[in-house]
Amino acid sequence: MTATDPAVTAGSSAPGGLVKSVVELDRVVIRLAGDSGDGMQLTGNRFTSETASFGNDLSTLPNFPAEIRAPTGTLPGVSSFQLHFADHDIMTPGDAPDVLVAMNPAALKANLADLPGGGLLILDADEFTPRNLAKVGYATNPIEDGSLEGWQTVSVPLTSMTLDALADSGLGKKEAERSKNMFTLGLLSWMYHRPTEGTIRFLERQFRRKPEIAAANIAAFRAGYNYGETTEAFAVSYEIKPAPMAPGKYRNISGNQALSLGLVAAAKRSGLPLFLGAYPITPASDILHELSKHKAFGIRTFQAEDEIAGIASAIGASFGGALGVTTTSGPGVSLKSEALALAIMTELPLVVVDVQRGGPSTGLPTKTEQSDLLQAMFGRNGEAPLAVIAPRSPGDCFDAAIEAARIAITYRTPVMLLSDGYLANGAEPWQVPSSEDLPDLTGAVDFATEPNGSTADGTPEFLPYLRNPETLARPWAIPGTAGMQHRIGGLEKADKTGNISYDPENHDFMTRTRQAKIDGIAASIGPTDVDDPTGDARVAVIGWGSTYGPIGAGVRRVRRSGRKVAQIHLRHLNPFPADLGEVLARYDRVVCPEMNLGQLALLLRAKYLVDIQSHTQVRGLPFRAAELAAVIQDVIDSTSGAPLAADPTGGGE
Amino acid sequence: MSTTDHVHDLGMPAANPIDAAVAASVASQGEKQTALKAKDFKTDQEVRWCPGCGDYVILNAVQSFLPSLGIAREDMVIVSGIGCSSRFPYYMNTYGMHSIHGRAPAIATGLAVSRPDLSVWVVTGDGDSLSIGGNHLIHALRRNVNITILLFNNRIYGLTKGQYSPTSEVGKVTKSTPMGSLDHPFNPVSLAIGAEATFVGRAMDSDRKGLTDVLRQAAEHQGTALVEIYQNCNIFNDGAFDLLKDPATGTQWSIPLVHGEPLVFGADGAACVVRDDLGGLRIAETNQVDASDIVVHDAHREDSSYAYALSRLSSQDLRYTPMGVFRSVQKPTYDRMMSEQLDVAAAEGSDDLDAILGGNDTWTVSA
Ligand SMILES: Cc1ncc(C[n+]2csc(CCOP(=O)(O)OP(=O)(O)O)c2C)c(N)n1
Ligand code: SF4
Ligand SMILES: [Mg+2]
């Protein structure tokens, strides 16, 4: 374990007279790995819920193959779930596991390299059969050939113990075997002193219609727990105290859940009906699923025939006065580009959510990446400026969704919200806000109901492109409003009247005006978010989106080593905060870590002529905090000249 | 932290802002204006089709017939794609959106489902609806969203200056096909029926009465209505429909569809439609068949194979072209069913934001 000061605090006496010790840890990273069919994601999510309700801070990293069921027992079929939990606040799912649970040889082979020497390795001995070993190319059984000597290996027959526990359940062997993940969860729940009632309630709820399955899973879960208590295989259990958190009500939330709830809240707080037009795509589909559950809020969800129809229908709904939303991932954004430009030209509110994944093309559908920034910025024909924002953590997806809606409604413009696969599926504890504390967006709606101009002869007339002088937003007059009939469309519009115009001066004016409107959003977003505790750092790290956690964790390590570094994290990518240029100019060096090949760095260099040092990685996985700490340390040391002694890459967050 | 329940909905708007905006505008003009004339539907925009284009005739017919529907101008929305025909909304004093190529049915779908109170129309061309927008067209039809689609078929790409279209006859010589086009055309009516359309009609631009009659039925139809309008492009495909328009040949080759009437056509009713041995339809000489064998047109037949068979009577050179309403059947509309689901959800559930923010599993950290 990498915990600091493991201290034997108490002995617990288990039935059978076995005396077991309890070790207190400040944090643990557990990785559960198995076959796609083994239910590792479910097990991980349950362990996460238990951990959340116990009060630890936590962060998760689900990692699963794009194939629904790759052949059983093969390397491509391995699915894993990593959970980092602690008695203090943490920012990442952990660079490397302290504990690896491998349900079969394939899971061992795919994950062992990530487990540092001395780490705890729990194996399902039953699955290490000659056949399964051969499938992944093990010539000998690693449990027996001594190759696992560098780790604390505990090999236990999880499958057969599950079958024994369910011998009287009436279930067939195959069905009973399925509960081995719950047996494992029970064992881990004992090991880490997790509360169990939540899981029992969950299983009862989940299998409401199949009580015999619910009973079997609960029996397996309890058997696993009891096994931990009585076996000699595990002499120690661990205690990780709850993390201090601000008083309030908490829940565990994933990014896609938070984003969906943010959209519901935006609809409720603006009074507008929400319309979602979407075509299923990983990792965005869960937003469609979640919003489809909330019809009681008057939310219309439309599973369109393709991504183009998804955005087109949302534009139609916005024209009619709804809060139009479309959700997708990178390939879908490509398809939506032309319609996105239509929304820019017609100046209608629209929220476009891109849950980024590895690209290009189909890329890595289930892995994370933040490589759609330039597509969001520039991926359209013509001068087509688009507001772009990004959330920084799963829970922050909630606030980002409300902010996207605020900009869209206030400025009558499409807004791109760039989430990613890591945020979407990752989870963390989230302080539940009270609805009345959320921004009130009703004032921004302001449908036009009366003519705002007059013709030469004095007849009142509606001018659909006569702008609000402050925001440059045009009036939003919805069908059904008498006397306000007007036509909009993709052809260039004359200023004020909105009639088709091919006039060169008008096109130049309108192009600049559309740009000025987006640039003007900066007036509503506040200054750059800079974290520089001492106020005199010479080096800054700048990031956007889901790298917030790993960068923050890396920065903490660097600071613990006595070095100074500022962390700048951007919510708004277009426009940037008004003071960003000045802020960047304060530092000798600025490092920009990104899960792409340097897209934000390119924008910052172009806009501010600052020599940004880009640090990039596109592995489909979040950055490791230690790696970032090392990069930042090198920059600091080469800037200040005198390297400090302590190595920032070691230790916890 | 106190665990007392919040008082919900403080500061929330009293009424839905859409209804409030509509009500405010109606109040300011007294009441909904529905007694309108053709000129009330005209705009001050200069119409920019080529002189002699069939689009003018259709625009006039639509503007003349609309007042009879009794729909206020503000309650009507015309969404179009791209093409000569898709300029249509600019000339109509209603709400309108001239959108992007092929996507009008999808835009109209989003609008119609979120605003079932509106009368939503789509104006599209043969290229717009059947090439680039083919996918949206078929899905709008199968969903049966309450929209009326006017497909201006001139069998050519007008706006891009005369390339062949998906309805052009095989062998069409155009700039992009100097040796003649190779691909077989769509029959838009067959396509629509195959896509589960509940209303399909066909009319001729120059036939004011026939066009108005089909348009009226389409407008009154609940669900997606598709009207194929044969439209002359006098610049790039002039005379494409002369076989049907020319009084000398028109009666011979068009089959008027009148619900409840026998399908008899041609000079002196010399030709008729009868069933063939395989359950399809064929053309016969009226004096060669028993009167009882002549098919009586039934647009309301649930089974679409009859309407489909009717659509297959014509060939790509337009001989034996049925004109009128092929099919008009009632099915629940998508927008209404969606509204009903929302009503059920509202009755069974709640719209308490705080309840869903909290979810099923929360824990409280006290100070
Ligand atoms: C994405 C896109 N591709 C191509 C075009 C060019 N384009 C404009 S109209 C048109 C064809 C229109 O044909 P049709 O729908 O039959 O309309 P018509 O002009 O004949 O009324 C094409 C190819 C475009 N505007 N947008
Ligand atoms: S090109 Fe043809 S369809 Fe287009 S306006 Fe001219 S005549 Fe009409
Ligand atoms: Mg055409």
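Both faces of strand β7 of chain A are covered: A:Leu120, A:Ile122 and A:Asp124 on one side, and A:Leu121 and A:Leu123 on the other, are all buried. Buried here means under 20% relative accessible area, while exposed means over 50% and partly exposed lies in between, with a 1.4 Å probe and protein chains only. The model is predicted, so local features need pLDDT of at least 70 and side-chain atom pairs count only at pLDDT 80 or more, whereas totals for chains, interfaces and linings use all residues. Residues are numbered from 1 along each chain as its sequence is written, chains are lettered from A and ligands numbered from 1 in the order in which they are written, and side-chain values use heavy atoms, with hydrogens and water left out.

**Strands of chain A**

Strand β7(A) spans residues 120-124, and five of its five residues are buried. Strands (E, at least two residues) and helices (H or I, at least four) are DSSP runs, numbered from the N terminus. Two strands pair if DSSP finds at least two bridges between them.

| Strand pair | Bridges | Residues standing opposite |
|---|---|---|
| β6(A), residues 99-102, and β7(A) | four | A:Val101 and A:Ile122 |
| β7(A) and β8(A), residues 152-156 | five | A:Leu120 and A:Gln152 |

Helix α2 (residues 105-111) of chain A belongs with β6(A) and β7(A) to a right-handed unit. Helix α3 (residues 130-135) of chain A forms a right-handed unit with β7(A) and β8(A). A right-handed unit is also made by β11(A), helix α10 (residues 285-292) of chain A and β12(A). A crossover is right-handed if, with the strands pointing away from the viewer, the path from the first strand over the helix to the second runs clockwise.

**Chain B as a whole**

Chain B has twelve helices and twelve strands. Its C-alpha atoms fill a box of roughly 95 × 50 × 45 Å, taken along the principal axes. Of the 367 residues in chain B, 53% are buried. Chain B exposes about 15,800 Å², and carbon and sulfur atoms supply 52% of this area. Accessible areas come from the Shrake-Rupley method with a 1.4 Å probe; for residues, only the protein chains shown count as cover. Among contacts in chain B between residues at least 6 apart in sequence, 66% join residues at least 24 apart. Contact means heavy atoms within 4.5 Å.

**A sheet and a helix in chain B**

An open sheet in chain B has three strands in the order β8-β9-β10, with antiparallel pairing. Strands β8 (264-265) and β10 (281-285) of chain B stand at the edges with a single partner strand each, so one side of each has no neighbour in the sheet. Strand β9 (residues 271-275) of chain B is joined to β10(B) by five bridges. One of the residues involved is B:Cys272, whose bridge partner in β10(B) is B:Ala284.

B:Ser339 lies in helix α11 (residues 334-348) of chain B. This residue is buried, with a relative accessible area of 17%. Leaving aside neighbours within four places in sequence, B:Ser339 is in contact with A:Arg300 and B:Pro116.

**Around ligand 2**

Ligand 2 is surrounded by residues of chain B, including B:Trp49, B:Cys50, B:Asn154 and B:Phe236. A residue counts as near a molecule or strand if one of its heavy atoms lies within 4 Å of it. The shell around ligand 2 has seven nonpolar, three polar and no charged residues. Ala, Val, Leu, Ile, Met, Phe, Trp, Tyr, Cys and Pro count as nonpolar, Asp, Glu, Lys and Arg as charged, and the others, Gly among them, as polar.
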